[in-house]
Amino acid sequence: MAYTVSGRNAAATHISLFTRLAQIFASFSEAIELHREFRRTHRELSELSDRELNDLGISRAMLVQVAWTSAVEKADERKPR
């Protein structure tokens, strides 16, 4: 009688613990850097007067959205292609 293993090949999908921890650390580091960039951008925009923001076409209500979009775009530019 022959037995077959259904599903994925265990050897092909095995990821070492070290590799997985390195991936988690990299993701965590990227998230921290993204949040720092968001805070930096938001702080700089918050320091502008309403007139300066208006010249840029931004209202105070849009600051969070603009800062987040800017942070994500900068993070995407840093990623290797």
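This dialogue covers the nonpolar core and the salt bridges of the model above.

Reader: What kind of model is this, and which atoms count?

Author: This is a predicted model, where local features need pLDDT of at least 70, side-chain atom pairs count only at pLDDT 80 or more, and totals for chains, interfaces and linings use all residues. Side-chain values use heavy atoms, without hydrogens and water, and residues are numbered from 1 along each chain as its sequence is written.

Reader: Which residues make up the largest nonpolar core?

Author: In soluble globular proteins, nonpolar side chains tend to be buried together. A nonpolar core is a set of buried Ala, Val, Leu, Ile, Met, Phe, Trp, Tyr and Cys residues joined through side-chain atoms within 4.5 Å; buried means under 20% relative accessible area, exposed over 50%, partly exposed in between (1.4 Å probe, protein chains only). Here the largest one has 5 residues: Leu34, Phe38, Ala67, Ala71 and Ala75.

Reader: With which residues does Glu37 form a salt bridge?

Author: Side chains of opposite charge can pair when their charged atoms come close. The criterion is a side-chain nitrogen of Lys or Arg within 4 Å of a carboxyl oxygen of Asp or Glu. Glu37 pairs with Arg40, with closest N and O atoms 2.9 Å apart, and with Lys74, where the closest N and O atoms are also 2.9 Å apart.

Reader: Is Glu37 buried or exposed?

Author: Glu37 counts as buried, at 7% relative accessibility. Arg40 counts as partly exposed at 33%, and Lys74 counts as partly exposed at 34%.
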